[in-house]
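Hi there,

Here is the structure I promised to pass on. Have a look at it first, and my notes follow below.

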Amino acid sequence: MNKSEKFTARIKRQEGPGREPYWEEFELTFRPGMNVIIALMDIQKNPATRDNKKTTPVSWECSCLEEVCGACAMIINGVPRQACSTLIDGLETPVVIEPLTKFPLVKDLVVDRRSIFENFKKIRAWIPIDLTYGAGPGPRVSREAQMKAYPLSRCITCGDCLEACPQVNSRSPFMGAAVLNQATLMDSHPTGRMNRAERLAAVRAKGGIGDCGNAQNCARVCPKDIPLVDSIARLNREAIIDGLLKWLEK
Amino acid sequence: MKSNIIIIGGGLAGLMSAIKVAEAGQHVKLFAIHPTRRSHSVCAQGGINAAKNLKGEDDSVLKHFDDTVYSGDFLANQPPVLKMCEAAPGIIDLTDRMGVMYNRTPEGLLDFRRFGGTKYHRTAFAGTTTGQQLVYALDEQVRRFEAAGLVEKFENWEFMSPVIDDAGTCRGIVAINLYTMEIKAFPADAVIAATGGIGAIFGKSTNSIVNTGSAVSAFYQAGAAYANPEMVQVHPTAMPGEDKTRLISESARGEGGRVWVPRDGKPWYFLEEWYPAYGNLVPRDVASRAIFKVVYELGLGVEGRPVVYLDISHLPKEDLETRLFGIMEIYQTYTGQDPRKVPMQVFPGVHYNMGGFWVDYDMATNIPGLFAAGEAEYQHHGANRLGANSLVSCIYDGMAAGPAAADYASGLKTRSEDMPTSLFEAEVKRQAAINAGLTAKDGNENLRALYHEMGEVMRENVTVVRYNEKLKGTDAKLRELLERFDNISLPDGGQSLVFARELKNMLILARAITLAALTRNESRGAHYKPEYPKRDDANWLKTTKAFYAPDGPRFEYEPVDISLIEPRERHYELE
């Protein structure tokens, strides 16, 4: 796109839960480096539709603007992604912007993704340290183990992977890739491994890994390029082996 | 009996405070604008300092302490700085135990790298996303306490005002639910403000856009002393952008990155030439001023634009991928250029607030019942923060403020539940009336335009180089913006209403920053006045304390505690 070129953003809006959604079109002016956040800020400064009708500014969530907080996930031209790292240049126009659909809608592009964190509780996604008082250094971790775990630890819980997953929907309790990946990450830590059994029990339970349909959409949309397919496969192996051992012990 | 402690802010300081209070068996209500996992601390990149001395350099806590005080140009009270440096190695161990995926040596030990303002490998790191990993580790521990019923989270709630009783004691807060716009009072036996930085006052900064300083300003307007408002750090290397200036971590230089501009057709490594002892790793205030000089005085910005090169393209490929991946990813996402191949273009950007709530050595503000932690308080960084000290200070503050607040609450004679409900109802009513007043406004001023003007004038005049005439002009402009604020109209009653409240608070705090800078006639750390180019210990070795008054801040000054290290002049050009 050229500097000062006009383009249209088509945005799905909704006053609140249970209200009728509607679409509005805005005419915006392109500048080099412009991302979807800047486009939304332009609307915020001058909330008027393409046909010059006054409207309310679009509500959305964002914070860091450098793709590390995960707040600004939305569907842009059909793909769930982060508004801050989606540059206008290179997008088809009109740029179509919708809220994520797999989470309760709050307003316009704002959705409530707290279910991800609730699921973190279910799988006990934490390292069970004793207390925060001086207990000396942490466990030794090999370079290889760190290099394998670090990419998994970069998940920003944006919810893009859940949005893209056909198994995550209103009729299914599937917790999705972001949550399962957290289990893999915790299991890969020497101390985290100690409460692996209870974590794997949650992973095998309803809504857990059994609901994964291996569509692999999660890895395709992940903005941090986390090897989610591999992460879930590793977890699956662990869950199967752990389940088998439990069965043999019976 | 269990006390009820409110913590405002879900970044590292708030999360660590919550862990400590819950661990002491007390009950926490944790308020955050976004889910805590999205807090601004995730943006910290390069690492966290602790003198673990694992590289055979004879590093020590006392050297870390000295580097911190020296880098801060002796404005910090020294005993609390020493305590932080003493706690630092234990903080690294603790977060390592919590599962932070720190980079490792071949033996499986923590790896350390260099950072600005020091000669030692003192910075532990997880790639260039150290803050993110630390937030996640603490967030997970808090979630554990949440599951155990000791922590109750109020995410997507924004703090509005403190509830202060007739005796001047803080008894709770009023907050607004950002999803429903419900306004509610929450009584508390003690409140910890861990509300982070103020970057948004400068329009564009390396901060997240939630870092408005609005909460700090609301407490300041309620009587909290605000210390060293004039001390704002400008980071030397950030990517200029329209929506924000994105940080390119100091670790790029810690790993061997070099800053240069073309001169006479050749690269000129001006930091290395001017500061041979520290080279590219001079402290941030020094580096930012040097870049300003090269660009604005010598006219040597790249292609005539206000940018310089930060070059990491010569570093070993494997180091780039395992140690600097995060910043390369950010740079490439926003510019389309690969820093492995071409030098990055960077310029200084507003980064960190050394000032903040005045607190005593036990993290208590001047309002009984109110404590402060993290970037929101002023205690550890003096006039210029040492790189990689922010993460350690935030976690240290939580470890100190949590127990301090819990102790205070346990010793209370009258508890929050004994207070009349009318106290809380009155504050809710007052806040609802402010909202109604804003919603009823029907003027022709545009909220976002006022915000833009504030950011421009603050960036232009109250950052790297400060002149008294321009500071006076800035304050006049801020007063004009406050008047025009009365003539706004809100385009909606949701996010715009919340932003209007933040903007008013930002404008009020901006005046304290500007006028504190105007008053301090010397140069110290990040505060540089060409008209007063020298540090003036005889007159200005003192902490600024700003108190709110409707017609403008009133300043008091108190001497700095220099009981441990004798102040000396700062020199980074020689050993």
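**Where the two domains meet**

One salt bridge (a side-chain nitrogen of Lys or Arg within 4 Å of a carboxyl oxygen of Asp or Glu) is found across the interface of domain 1 of chain A and domain 2 of chain A. Its partners are A:Glu67 and A:Lys224, with the closest N and O atoms 3.0 Å apart.

Before going on, some background: this is a predicted model, in which local features need pLDDT of at least 70 and side-chain atom pairs count only at pLDDT 80 or more, while totals for chains, interfaces and linings use all residues. Residues are numbered from 1 along each chain as its sequence is written, chains are lettered from A and ligands numbered from 1 in the order in which they are written, and side-chain values use heavy atoms, leaving out hydrogens and water.

The domain assignment, automatic or from a database, gives domain 1 (6–111) and domain 2 (114–249) in chain A. Domain 1 of chain A brings 14 residues to the contact and domain 2 of chain A brings 15 residues, where contact means heavy atoms within 4.5 Å.

Between them the two domains of chain A bury about 1100 Å², 55% of it from carbon and sulfur atoms; buried area is the accessible area (1.4 Å probe) that two parts lose on being put together, summed over both. On the domain 1 side, A:Pro80, A:Lys102 and A:Phe103 lose the most area to domain 2 of chain A, together 51% of what that side buries.

Happy reading!
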